[in-house]
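Here's a friendly tour of one protein model. Take a look at the structure, then read on.

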Amino acid sequence: MSFAKIYTRGLLGLHAPLIEVEVHVSQGLPSLTIVGLPEAAVRESKDRVRSAIINSGFLFPTKRLTINLAPADLPKDGSRLDLPIALGILIASGQLPENATDDFEFIGELALDGHLRPVTSTLTIAMACQSIGHRLMLPQANAEEASQLVNLEVFATTHLKQVCEHFLETHKIEASTSQTSKQEQHYKFDLIDVKGQLRPRRALEIAAAGGHSILFKGPPGTGKTLLASRLPSILPPLNAQENLEVASIYSIANTQHPFGHRPFRAPHHTASAVALVGGGSHPKPGEITLAHLGILFLDELPEFDRKVLEVLRQPLEAKEIVISRASRQITFPANFQLVAAMNPCPCGYAFNQDSRCQCSAESIKRYRNRISGPLLDRIDLHIDVPPLKAQELQDNAPVENSATVRERVTLAYHLQIQRQGYLNQGLSPQQLEVHANLDESSKKIIEMAQQRLNLSARAYHRVLRVARTIADLSQSAEIQSPHLTEALSYRNNET
């Protein structure tokens, strides 16, 4: 046979489109041509493949070789195509049986001696492979990541010769099984560490239950960062599909993240807009996408460049990031929970007329104006975190730990999922009319509040979403006046 077709995968954002590696051996001067928009790493594979085939005990054909990577209009990058190209050459030259690889997909980088080196984005490729019922053969170092999918047959190998022996049926490779076991999650931080601050603790619980964004405001050392770092410990655990979504994002980004844990991303205030959004010639996820289904914590919020903060406005509403390039458009998920912290002024002490603050009114105004009104309007909860007195810090009375709070949060979380299929933070204005219906007294309260607080339509709907979450935490089917009043108390937009 002079023709072979091998299946592998490319990468396009968080998707792994199928690639057909077509190899044709014909008469003519010895040459190897790769077509189908191969980039540098793919074009260089010809030299790696040649040496790997020879050093694995096979013959490299001294004929004209044409390799087509279909579809031809999709750019091909990375070294993961080495293994499928080598197998295609061996089948087309008659050294391996034809049709033996029809239901397989292959990824792997070849060393010159034929050993297989690991590649990135394995989980994303494995998920795409599973969706069409193919089996996956890959380097041993990537097997554990791919084996998280229980319905996918994964064949792990260390050498090209071992792969060939499998299809020659001289030495079969056993399929790997899932290595992921359900373990009790252990959290690095616990809410029991937070002394006093009852109102901020309450706001943190509401934010966790409904997926709401939150802004902590207060002088240095009052516990803003402490509170934010405890948020993951009171959130409900990710389900199986959400775990795979998060793991797939970190696989694409080639970044380590413990499987089963919600992301907690805390970029430094010198981060650029591209660092938050993602990008590059081959777009990679930014901090916003890496925080998907988790928390994006922005400490010292006004210290971020204003243009950087403005990129948060669209993903906070749309829950996705669209990166456009001349040749392609990539969509990354961005369903994150924004937690921010800031001081009241440049020195940090302009709180309740603290005498230590020497900032002028003009410098305080410039400092606060670094955060735009539209961004503040998109943050659901605005919480003052006051300084603690010595008596509060010395108080050894027992406080609720994260596990106790997480039970209430999880109960409210499942109530929302059963009622509408997602958290209250995602309720549209039309759905609020159904799930957040107000009685006459509550309608009068919010009408008066809208006039006094100058609430925009967006802020009005956000108040209703927070009130719906407070009602869910108290296991109330309807929003009552105390729920609405508490929600309104968190809309103090004066920074």
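Buried means under 20% relative accessible area, exposed over 50%, and partly exposed in between (1.4 Å probe, protein chains only).

Keep in mind that this is a predicted model, where local features need pLDDT of at least 70 and side-chain atom pairs count only at pLDDT 80 or more, while totals for chains, interfaces and linings use all residues. Residues are numbered from 1 along each chain as its sequence is written, and side-chain values use heavy atoms, with hydrogens and water left out.

Just past the helix, G421 has a positive phi of about 95 degrees.

## The nonpolar cores

A nonpolar core is a set of buried Ala, Val, Leu, Ile, Met, Phe, Trp, Tyr and Cys residues joined through side-chain atoms within 4.5 Å. The largest one here has 53 residues, and L312 and F336 have the most contacts inside it. Helix α9 (residues 240-253) is the top contributor, with six residues. There's also a second, separate core of 45 residues, including A208 and V339.

## A look at H134

H134 sits in the loop between α4 (122-131) and β8 (135-139). It's buried, at 16% relative accessible area. Its side chain makes a polar contact with that of E105 at 2.8 Å (a pair of N or O atoms within 3.5 Å; within protein, one must be able to donate a hydrogen and the other to accept it, and residues adjacent in sequence count only if both atoms are side-chain atoms).

## Salt bridges

The structure holds 22 salt bridges, each a side-chain nitrogen of Lys or Arg within 4 Å of a carboxyl oxygen of Asp or Glu. In one of them, D193 and R230 meet at 2.7 Å, N to O. This pair links distant parts of the chain, 37 residues apart. D193 is partly exposed at 41%, whereas R230 is buried at 6%.

How values were computed. Helix = DSSP H or I, 4+ residues; strand = E, 2+ residues; numbered from the N terminus.
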